[in-house]
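My entries follow in the order I looked things up.

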Amino acid sequence: MPREDKRANFLTDLGRATMRGVRKCPKCGTLNGTRGFSCKNKSCDVIFKEAGEKKKHSTEACRITAGADTQIYSVRVRDKGPDYRGFVQIPLIQSVDGSGDIFIGAEPLGDPMLLLQMGARCYVESCQRKSQQPSLCSHIRAASQCYKDATSLTLKNSALNSLPIPQSIKTDIWQLATDTPGPLVQRVSKNIMVVKCKPEALHQFGFLHFSFQQVRNKEEIEYKYYCGCRSFKIQPAARDVSFRKCVHLYACVVAFASDHNLSQV
Ligand SMILES: [Zn+2]
Ligand SMILES: [Zn+2]
Ligand SMILES: [Zn+2]
């Protein structure tokens, strides 16, 4: 390619680059941020499938429903096994025109460094221990490329009352559910839930991960589960994990009992 042409290409590419982070809705022509999952025009129902077709089934990262002024992602921690996850926080930044579009992380691998400057933080234990200063890690990258939302599960009062759960636990479940806005239980992947908890050093957002596994044991189906909370970890009498119980386990049981379809997995 002659030098002149190369230069011309370079310039046209630059021209296109200014439109990155924005996309026109194919149906109504509204300009959307590329981060939105669907057209922001309320009378238009287009869902941008291509946005995450590839990533939709990925369990790398999943956005959970949290407060209104921040975004929290559940991210997979690779070197710790399939069910080990942590949290990443990415601030919500409104576009300059006030349209409500979120341009942060708009481009896949856009500029995760910029995300960091804007306040994105990783709360995966190993990352927190490693550096005092916030730094860019694979978890923030995964969150910035995430196109998946967690599924909120509804807890029915009737289910809560019909199960043989100690009254004190029922009260705790009720408190967790109502003290802060948002769903008590959210599903992140087939075997992993995010459950609200009392905020503490290890779970400062008031969320933790709860994972369970179906184990076929001869004729019986057994459930193995693991909760990230303190009381699950420190119940010394129950060395066998399956005898340890915490409020988050009960919350998940109630969620499953509330939705017949859920227990079919
Ligand atoms: Zn549209
Ligand atoms: Zn990290
Ligand atoms: Zn727990």
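**Entry: Ser74**

I began with the contacts of Ser74, where contact means heavy atoms within 4.5 Å. Setting aside neighbours within four places in sequence, I found Ser74 touching Glu60, Ala61, Cys62, Ile64, Arg85, Gly86, Phe87, Val188, Val194 and His209. Ser74 sits in strand E4. I took helices (H or I, at least four residues) and strands (E, at least two) as DSSP runs, numbered from the N terminus. Ser74 counts as buried because its relative accessibility is 0%. Buried means under 20% relative accessible area, exposed over 50%, and partly exposed in between (1.4 Å probe, protein chains only).

I then looked up the polar contacts of Ser74. Its side chain meets that of Arg85 at 2.6 Å. The side chain of His209 is also joined to that of Ser74, at 2.8 Å. A polar contact is a pair of N or O atoms within 3.5 Å; within protein, one must be able to donate a hydrogen and the other to accept it, and residues adjacent in sequence count only if both atoms are side-chain atoms.

**Entry: ground rules**

This is a predicted model, in which local features need pLDDT of at least 70, side-chain atom pairs count only at pLDDT 80 or more, and totals for chains, interfaces and linings use all residues. Residues are numbered from 1 along each chain as its sequence is written, chains are lettered from A and ligands numbered from 1 in the order in which they are written, and side-chain values use heavy atoms, with hydrogens and water left out.

**Entry: the chain overall**

I noted 9 helices and 11 strands in the chain. Of its 265 residues, 38% are buried. I also checked contacts between residues at least 6 apart in sequence: 47% of them join residues at least 24 apart. The chain's accessible surface is about 16,100 Å², and carbon and sulfur atoms hold 54% of that. Accessible areas come from the Shrake-Rupley method with a 1.4 Å probe; for residues, only the protein chains shown count as cover.

Gln89 lies in strand E5. With 18% relative accessibility, Gln89 counts as buried. Beyond four places in sequence, I listed its contacts as Thr70, Gln71, Gly119, Ala120, Arg121, Tyr123 and Phe205. The side chains of Gln89 and Tyr123 make a polar contact of 3.4 Å.

Tyr84 is in the loop between strand E4 (70-76) and strand E5 (85-91). Tyr84 counts as partly exposed because its relative accessibility is 25%.

**Entry: zinc ion, ligand 2**

Which atoms coordinate the zinc ion (ligand 2)? I found Cys122 (SG), Cys127 (SG), Cys137 (SG) and His139 (ND1), at 2.0 to 2.4 Å. Cys122 lies in strand E6 (residues 121-122) and His139 in helix H5 (residues 138-144), so this pair ties together parts 17 residues apart in sequence. Cys122 and His139 are both buried. The donor spacing reads C-x4-C-x9-C-x1-H. Donors are N, O and S atoms within 2.8 Å of the metal (3.2 Å for Na, K and Ca); water is not among the atoms, so sites may look incomplete.

Why is the site tetrahedral? The 4 donor atoms subtend angles of 98 to 116°. Four donors count as tetrahedral if all angles lie between 85 and 135 degrees.

**Entry: zinc ion, ligand 3**

The zinc ion (ligand 3) has Cys227 (SG), Cys229 (SG), Cys246 (SG) and His248 (ND1) as protein donors, 2.1 to 2.3 Å away. Cys227 in strand E11 (residues 220-227) and Cys246 in the loop between helix H8 (230-233) and H9 are 19 residues apart, and the pair links distant parts of the chain. Cys227 and Cys246 are both buried. I read the spacing as C-x1-C-x16-C-x1-H.

**Entry: helix H9**

Helix H9 (residues 247-258) has 12 residues. Of these, 10 are buried, among them the zinc donor His248.

Technical notes: Expected span 1.5 Å × (residues − 1). Tetrahedral: all angles 85-135°; square planar, octahedral: opposite > 155°, others 65-115°.
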